[in-house]
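Please have the sequence and the structure open as you read.

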Amino acid sequence: MNSCGCAPSNPMATSFGGYLRKGANGIMRHIQLRKAGMEMTSVLGINRLQAVRILTALAAVLAVLVICTGASLASASQPAPVALSVSGAIDLALSHNLSFRIAALNFKNAELAYEKTLALNIAEESTYAEHQAKFTFERAKSTYDTTRAGVIIDTVRSYFDVKHANMDLAAKAKQLEVAEEDYARAKSKYAAGVAGELELLQVESALHNARLAVQRAADTLGENSAALAVLLGLEPGTRFQLSDEIAPKPIQWQLDQAVAKALENSVDVRQKANDLRLAQLELDKAEAERAAPLDLERARVGLDIAALSLQQVRETLTEKVRTSMNSLGQTSKNLNILSIALDVESKKFDIVVKQQKAGLKSPSDVAAAEASVISARHALGSAQKGYILAYLQFLNTLGVDLDLSWVVTPGK
């Protein structure tokens, strides 16, 4: 059923709707109620006033049918929402993102170049050439992995931005409902002389702000939906039916374990470690050849620079992992607080509903309590979104695969 209470349209609706529309327009433009009433009085034996009333009612019924038929046709012409899971959104984004596709091709080229270097180096046995080809390949793979992780994180963020915007719109709509009831009550009190003009103006201002908040929430939902559509390579006007929910779980990493994994997977650390080995080889070669003092000193300085550069990269990465874990810990505590707050508001709502049934609370009290529950759920959802994004960034820092099973529950 549509908003008019009419059944959805079928293939016959267009011709039938056109017939009704034409008939209604003809009635509204050409029927002369006076003349028709006179004809009906002679045929049916009723007076003129009764005839006019009958014709007016028939015209109104036809007009409503035309409007409902038009609404059905308009609803049928609007594309259905796209049902989408997080994994499905990621697949679409990866297939559409040009940066990722370029990174994938560069990775493939680097892999081919590395294999070619190994084949050509069989006779020459050049350690330097082999190392250079290997790190060119690893750098391309790192760029591929980083780009892929960036697309995944952006997609997850955009996916839950849309879900969060839907929650925000629901919360603002409920707050508007409460504001409208407050305004109606204030008007009644003002008319009865038990409330002043200032109180009425304040309630009216709150109603105006609630309406603006609903409009802003609707605009945000439209913007977020358009951003997700563009990210996935779909039309900006695409509507979504997003099934997956956020279900964050505690992280399973200890700090020393996380730091070790990040250092192990870091291409920058391996590159600096290789630079240090090469610098040591340069110094050993200069000492074996009894190079000039300036060349020997230059080799020693190069070795010191390489050692400090490796230390700097390791310390920077270690601090990044520590900061990321601390941030996750704080976010997890905030989730617990907001979850408790939602439970409290839900219990308050249940109590208000029971009190309303007992005649102790009004329907507006129930609506206000429900609005508080929706707002608390919205706040928790916002914090959950921040948590999963921080968690994915943390996994990306460690250089491991972005496992979404820890933070996302597939929808039914």
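Lysine 261 and glutamate 264 sit in helix 8, three residues apart, which is about one turn of the helix. Helices here are DSSP runs of H or I with at least four residues, strands are runs of E with at least two, and both are numbered from the N terminus. The side chains of lysine 261 and glutamate 264 meet in a salt bridge, with 3.8 Å from N to O; the term stands for a side-chain nitrogen of Lys or Arg within 4 Å of a carboxyl oxygen of Asp or Glu. Lysine 261 counts as partly exposed at 26% relative accessibility. On this scale buried means under 20% relative accessible area, exposed means over 50%, and partly exposed is in between (1.4 Å probe, protein chains only).

A word on the model itself: it is predicted, so local features need pLDDT of at least 70 and side-chain atom pairs count only at pLDDT 80 or more, while totals for chains, interfaces and linings use all residues. Residues are numbered from 1 along each chain as its sequence is written, and side-chain values use heavy atoms, with hydrogens and water left out.

Which residues of helix 8 (residues 255-265) are buried? They are Ala258, Val259, Ala262 and Leu263. Seen down the helix axis, these buried residues fall within an arc of 130°, so they line one face of helix 8; the arc is taken from the directions between the helix axis and the C-beta atoms. Their packing partners are helix 9 (267-288), helix 10 (293-357) and helix 11 (363-398).

With helix 11, helix 8 packs at an angle of about 55°, the axes being 7 Å apart. Axes are lines fitted to C-alpha atoms, for helices over the stretch in contact, and angles run from 0 to 180 degrees between N-to-C directions. Helix 8 is therefore oblique to helix 11, given that angles under 35 degrees count as roughly parallel, over 145 as roughly antiparallel, 65 to 115 as roughly perpendicular and the rest as oblique. On the helix 8 side, Ala258, Lys261, Ala262 and Asn265 meet Phe394, Thr397 and Leu398 of helix 11, where contact means heavy atoms within 4.5 Å.

Back to charged pairs: the count comes to 15 salt bridges, and three of them are listed here.

| Pair | N to O distance |
|---|---|
| Lysine 174 and glutamate 177 | 3.0 Å |
| Glutamate 199 and lysine 189 | 3.2 Å |
| Lysine 261 and glutamate 264 | 3.8 Å |

Lysine 174 and glutamate 177 both belong to helix 6 (residues 127-191). Lysine 174 is buried at 12% relative accessible area, whereas glutamate 177 is partly exposed at 32%. Together with Glu370, Lys174 and Glu177 are linked in a network of salt bridges.

Glutamate 199 lies in helix 7 (residues 197-232) and lysine 189 in helix 6, so this pair ties together parts that are ten residues apart in sequence.

The largest nonpolar core has 55 residues, and Val86, Val156, Phe160, Val321 and Phe394 have the most contacts inside it. Such a core is a set of buried Ala, Val, Leu, Ile, Met, Phe, Trp, Tyr and Cys residues joined through side-chain atoms within 4.5 Å. Helix 11 gives the most to this core, with 13 residues. Leaving aside residues up to four places away in sequence, phenylalanine 160 touches Val86, Asp244, Glu245, Ile246, Lys385, Ile388 and Val408.
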